[in-house]
Amino acid sequence: MKKIVIAILLMLAIQSQAQERLLCRNASVKFFSKMPLENIEAVNNQGLSVIDLKTGNIEFSVLLKGFIFPNALMQEHFNENYVESSKYPRAYFKGSIQSVPTIDLTKNANYQFNVKGTMQLHGKTAEMATVAQLQVKDGIISGDSNFDLLLEDYAIQIPKLVKDKIAKSIHINVKAIYQIQKPNL
């Protein structure tokens with residue numbers, strides 16, 4: 001009987017550890033720039049995100065060449081002239097949840113929290129703070145965040161010829177469906 005109790009406690013401990021990390025390999029990152037002459041938007045569905053619910057640490061990475069634009073010329077200019085994706089292939093966020101809430105992944109609930117960290121883009125790093133939401137609904141764990149990035153924070157130069165077509169601030173929306181990361185046994 002003692003062995004059964006120990007086995008059950010061990011299984012519960014392993015399950016508890018598994019629920020501490022969330023992983024998404026196909027997060028959606030959309031950006032949008034509204035301007036009088038022409039809106040600029042793109043989407044990338046290859047974002048990688050990890051959240052450690054125990055520590056509150058969050059990491060997010062996206063390949064810049066993965067952004068798809070409705071206009072091929074915009075996509076070429078984005079990669080070659082602005083973010084220089086051959087030289088700086090990824091955008092990367094590393095931060096943490098401020099005041100980590102107790103999150104129960106077994107019950108339907110919505111959680112909102114402040115996130116602070118650093119964003120690395122175009123070879124530059126800048127401090128960033130935003131609000132993020134985590135929703136648990138019928139066993140599906142989804143995350144969402146909206147924020148703005150200032151191009152000057154990342155030394156992204158806008159040529160004078162097109163300065164009226166590109167906003168100085170770009171609105172970003174991130175959506176992710178997370179899986180509970182299983183421990184390696």
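Which residues line the second largest pocket? The legends below take up this point after an overview.

**Figure 1. Overview of the predicted protein model.** This is a predicted model, in which local features need pLDDT of at least 70 and side-chain atom pairs count only at pLDDT 80 or more, while totals for chains, interfaces and linings use all residues. Residues are numbered from 1 along each chain as its sequence is written, and side-chain values use heavy atoms, with hydrogens and water left out. The protein holds 2 helices and 8 strands; these are DSSP runs numbered from the N terminus (helices: H or I, at least four residues; strands: E, at least two). Read from the N terminus, the order of elements is α-β-β-β-α-β-β-β-β-β. Of the 185 residues, 38% are buried (buried: under 20% relative accessible area; exposed: over 50%; partly exposed: in between; 1.4 Å probe, protein chains only). The accessible surface comes to about 11700 Å², and 55% of this area belongs to carbon and sulfur atoms (Shrake-Rupley method with a 1.4 Å probe; for residues, only the protein chains shown count as cover). Among contacts between residues at least 6 apart in sequence, 60% join residues at least 24 apart (contact: heavy atoms within 4.5 Å).

**Figure 2. The second largest pocket and its lining.** The lining consists of Leu151, Glu152, Ala155, Ile156, Gln157, Ile158, Lys160, Lys163, Ile166, Ala167 and Lys168. On a 1 Å grid over the protein atoms alone, a pocket is an open set of points with protein on both sides within 12 Å along at least five of seven lines, whereas a cavity is a set where a 1.4 Å probe fits but cannot get out; lining residues have an atom within 4 Å of a point. About 240 Å³ of space lies in this second largest pocket, the volume being the space filled by probe spheres set on grid points that are joined across faces, edges and corners. By class, its lining has 6 nonpolar, 1 polar and 4 charged residues (nonpolar: Ala, Val, Leu, Ile, Met, Phe, Trp, Tyr, Cys and Pro; charged: Asp, Glu, Lys and Arg; polar: the others, Gly among them). One of the lining residues, Ala155, lies in the loop between S7 and strand S8 (169-180). Alanine 155 counts as partly exposed because its relative accessibility is 26%.

Figure 3. Most residues other than glycine have a negative phi. In alanine 155, phi is positive, near 55 degrees. Aspartate 138 also has a positive phi, near 50 degrees. The position of aspartate 138 is in the loop between strand S6 (124-137) and S7. With a relative accessible area of 61%, aspartate 138 is exposed.

Figure 4. The structure contains 5 aromatic pairs (rings of Phe, Tyr and Trp, the last by its six-membered ring, with centres within 6.5 Å; planes under 30 degrees apart count as stacked, over 60 as edge-to-face and the rest as tilted). Phenylalanine 67 lies in the loop between strand S3 (57-63) and helix H2 (72-82), and phenylalanine 78 in helix H2, so the pair ties together parts that are 11 residues apart in sequence. Both phenylalanine 67 and phenylalanine 78 are buried. One aromatic cluster is formed by Phe31, Phe67, Phe69 and Phe78.

**Figure 5. Valine 43 and its surroundings.** Valine 43 belongs to strand S2 (residues 40-52). A relative accessible area of 25% makes valine 43 partly exposed. The C-alpha atoms of valine 43 and phenylalanine 67 are separated by 5.2 Å, although the two residues are 24 apart along the chain. Leaving aside neighbours within four places in sequence, valine 43 is in contact with Ser28, Val29, Lys30, Gly66, Phe67 and Ile68.

**Figure 6. Valine 62 and alanine 91.** Valine 62 is placed in strand S3, and alanine 91 in strand S4 (residues 90-97). Valine 62 is buried, with a relative accessible area of 4%; alanine 91 counts as buried at 9% relative accessibility. Leaving aside neighbours within four places in sequence, the contacts of valine 62 include Phe67, Pro89, Arg90 and Ala91. With residues up to four places away not counted, alanine 91 touches Phe60, Ser61, Val62, Leu64, Gln120 and Leu121.

**Figure 7. Serine 142 in strand S7.** Serine 142 is located in strand S7 (residues 140-150). At 17% relative accessibility, serine 142 counts as buried. Not counting residues up to four places away in sequence, serine 142 touches Gln133, Leu134, Gln135, Ala176, Ile177 and Tyr178.
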